[in-house]
Amino acid sequence: PAHTAVVGPADAKVTVIEFADFECPYCSQAARNVAALKEQFKGKVRFAYRHFPLSFHAQARPAAIYAQCAGAQGKFWAFHDAAYENQRALDEAALKQYAMGAGVDVAAFETCIAGPEAAAQVDADMAVARAVGVRGTPSFYINGYAHDGGAEVVSLAGAIEAALAMAGQ
């Protein structure tokens, strides 16, 4: 399936891309921060989530695949929020619960999990991450430029404001 982990206007002058891992504790905090930023910049900025499951996080890749399959039904963000809110429980049963809670069609979801597309999308995200130099999670890119200021709301908001100003917004 195409990447559905995007929210905000298609014609936004600023896009924030986050590379993250569902098992990463810093990403859980970043998810709360990004939720606040989505509200702050609603209608002006596009936010995208890309998968970068770290090899030492056993549940990160399965969670990414489940998220993609939830996204195939338009339920990515609901799954994303549930997985980060319950980060200590990312086993298969828990991941299924988050998908059901997000309201997925179970049969279509299970077909997606069993198929190759969602895993291929996760692999594609990882390839992009490596190509742009992502080394850890969360990593943010604002209009294609690496944001080195961390995942704090104030730091990201300042960088987004600067990008909006450069775009004449």
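Student: Where does Pro138 sit?

Tutor: In this predicted model, Pro138 is found in the loop that lies between helix 6 (117-132) and strand 4.

Student: And what kind of peptide bond joins Thr137 and Pro138?

Tutor: The bond joining Thr137 and Pro138 is a cis peptide bond, with an omega of about -10°.

Student: OK, on to strand 4 itself. Which way do its side chains point?

Tutor: Ser139 and Tyr141 point one way from strand 4, while Phe140 and Ile142 point the other way, and all of these residues are buried. As a general rule, side chains in a regular strand alternate between the two faces of the sheet.

Student: Which strands does strand 4 pair with, starting with strand 5?

Tutor: Strand 4 (residues 139-142) pairs with strand 5 in the antiparallel sense, over three bridges, and within this pairing Phe140 stands opposite His147 of strand 5. Strand 4 is also joined to strand 2 by four bridges, and these two strands run antiparallel; here the bridge partner of Ile17 is Tyr141 in strand 4.

Student: What's in the hairpin of strand 4 and strand 5?

Tutor: That hairpin has two residues between the strands, and Asn143 takes a positive phi near 50° there. Asn143 has this positive phi although it is not a glycine.

Student: Is Asn143 buried, exposed or partly exposed?

Tutor: Asn143 has a relative accessible area of 35%, so it counts as partly exposed, since that class lies between the 20% limit for buried and the 50% limit for exposed.

Student: Let's zoom out. In what order do the strands of the sheet come?

Tutor: Five strands form an open sheet in the order 1-3-2-4-5, and the pairing is mixed. Strand 1 (6-7) and strand 5 (145-147) stand at the edges with a single partner strand each, so one side of each has no neighbour in the sheet.

Student: How are the strands around strand 3 joined?

Tutor: Strand 2 and strand 3 run parallel and are joined by seven bridges, with Glu18 standing opposite Tyr49 in strand 3. Strand 1 and strand 3, on the other hand, pair in the antiparallel sense over two bridges, and the bridge partner of Val7 in strand 3 is Phe47.

Student: Why is strand 3 described as largely enclosed?

Tutor: Strand 3 is largely enclosed by the rest of the structure because six of its seven residues are buried.

Student: What about helix 3, which strands does it lie across?

Tutor: Helix 3 lies across strand 1, strand 2 (14-20) and strand 3 (45-51), and it runs at about 65° to strand 3. Phe79 is found in this helix, which spans residues 76-85.

Student: Is Phe79 buried or exposed, and why?

Tutor: Phe79 counts as buried because its relative accessibility is 0%, and the limit for that class is under 20%.

Student: Which residues does Phe79 touch?

Tutor: Leaving aside residues up to four places away in sequence, Phe79 touches Phe22, Ala63, Tyr66, Ala67, Ala70, Leu95, Tyr98, Ala99 and Ala102.

Student: New topic: how many cavities of 30 Å³ or more does the structure hold?

Tutor: The structure holds one cavity of 30 Å³ or more, and the largest cavity has a volume of about 30 Å³. Its lining is made up of Val16, Glu18, Val34, Phe47, Ala48, Tyr49, Trp77 and Phe140. The elements giving two or more residues to this lining are strand 2 and strand 3, and the largest share, three residues, comes from strand 3.

Student: What classes of residue are in that cavity lining?

Tutor: The lining of the largest cavity has seven nonpolar residues, no polar ones and one charged residue.

Student: Which elements supply the pocket lining?

Tutor: Strand 5 and helix 7 (153-166) each supply at least two residues, and the largest share, four residues, comes from helix 7. By class, the lining of the largest pocket divides into seven nonpolar, two polar and no charged residues.

Definitions and conventions: Residues numbered from 1 in each chain as written. Predicted model: local features only at pLDDT ≥ 70, side-chain atom pairs only at ≥ 80, totals over all residues. Heavy atoms only, no water. Buried < 20%, exposed > 50% of the residue type's maximum accessible area, 1.4 Å probe, protein only. Contact = heavy atoms within 4.5 Å. Pairing = 2+ DSSP bridges. Axes fitted to C-alpha atoms, helices over the stretch in contact; angles between N-to-C directions. 1 Å grid on protein atoms, 1.4 Å probe; cavity = no way out; pocket = protein on both sides within 12 Å on 5 of 7 lines; lining within 4 Å. Points joined across faces, edges and corners; volume = space filled by probe spheres on them. Nonpolar A, V, L, I, M, F, W, Y, C, P; charged D, E, K, R; others polar.
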